[in-house]
Amino acid sequence: MNETDRNHYLKFFPSLNIKYAVDDNNSLSAELSRRIKRPDYRLLNPFRWYTSKFDYSVGDPFLKPAYISNAALTYMHGYDFYVKLYGSKTSDDFGNMVVFDKNDVRSQIEKAGNYLDIYEYGVDAEYSVQCGSWLEATLSGQLTYSSYNSNSTSFDDVCGWGCGLSADCHFYISRNFSASLSVEDDVPGYYDYRRRNNAMNFNCGISYTNSKKDFSVMLNAEDLFRTSSPKYYYYSNGVRQDFNNYNDTQLVSVTVIKKFGNLFNKIKNMFESSNKEEKSRL
């Protein structure tokens, strides 16, 4: 075809970490790194997978890897508190996006591609607290500002805020009873180019363990309010794409554990090699 293709495979991905101990309880650290992210087989598969007689999903075997550059500054106070400021740039990020033909409502194709260059800035924080002997809790939060620069004429540049909050609590009611409560909430904002509504995952449980520690019963409930899957949308060729899929993760489970004897904790007098049987056949 009188064409020349040049592929350069030699890439460098350096990592630099510097830590400074202010005193026994306080420390500062800085990080610089460059990484690579490669697409999985599903995104590379060129064969069509039909979701209806009009719609199909298809991968791209010529996807390029994405390159990620990170910078972060972290402060830690003992093992109880840390806060991290960070920034990152992702070049040629890939994924599946629905490409919509506004002139033909029957043409809707989910294609894989290197669609976006992403700039992200944010702060992470986590705090662990213990109240006497009855409560242990871990509180965390993340605030991000993301800018998505499109590499495709089908999608516009967008930018916006995102925020995630979580609380993981363990209550020790007595020597035999304990309870747990876990809440994760993603506030409305931009995540992976998509404008998402609020999503909250609420889990709780209670457990009983006898005094001998050889019998326990646990009752757990996950996604109690069925709110863990958010609605989201984005625009393709100027047409708004709304997604209202609910992946059912709501469940209630009962787990019973009983330990019998001490059969599996006995100490062997001697250890046998893994190929003993093979040697005996020689």
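This is a predicted model: local features need pLDDT of at least 70, side-chain atom pairs count only at pLDDT 80 or more; totals for chains, interfaces and linings use all residues.
Local features need pLDDT of at least 70, side-chain atom pairs count only at pLDDT 80 or more, and totals for chains, interfaces and linings use all residues. Residues are numbered from 1 along each chain as its sequence is written, and side-chain values use heavy atoms, with hydrogens and water left out.

Side chains of opposite charge can pair when their charged atoms come close. A search of the whole structure finds 5 salt bridges (a side-chain nitrogen of Lys or Arg within 4 Å of a carboxyl oxygen of Asp or Glu). One of them joins D92 and K64, at 3.6 Å from N to O. D92 lies in strand β6 (residues 81-100), and K64 sits 28 residues away in the loop between β4 (55-58) and β5 (66-77). Strands (E, at least two residues) are DSSP runs, numbered from the N terminus. K64 has a relative accessible area of 44%, so K64 is partly exposed (buried means under 20%, exposed over 50%, partly exposed in between; 1.4 Å probe, protein chains only).

K258 and D214 form another salt bridge, at 3.4 Å from N to O. K258 is in strand β17 and D214 in the loop between β13 (199-209) and β14 (215-222), so the bridge ties together parts 44 residues apart in sequence. R240 pairs with D242, with the closest N and O atoms 3.0 Å apart. D242 counts as exposed because its relative accessibility is 54%. R240 also lies over the face of Y233, at 3.7 Å from the ring centre (CZ of Arg or NZ of Lys within 6 Å of the ring centre and within 35 degrees of the ring normal).

The structure holds 16 aromatic pairs (rings of Phe, Tyr and Trp, the last by its six-membered ring, with centres within 6.5 Å; planes under 30 degrees apart are stacked, over 60 edge-to-face, the rest tilted). Y50 and Y56 form a tilted pair, 5.4 Å centre to centre with 50° between the planes. Y56 is buried, with a relative accessible area of 14%. R48 lies over the face of Y56, at 4.2 Å from the ring centre. The planes of F155 and Y234 meet at 65°, so this pair is edge-to-face. Both F155 and Y234 are buried.

Strand β17 (residues 251-258) gives its largest share, 3 residues. V254 lies in this strand. V254 counts as exposed because its relative accessibility is 58%.

Notes: Helices (H or I, at least four residues) and strands (E, at least two) are DSSP runs, numbered from the N terminus.
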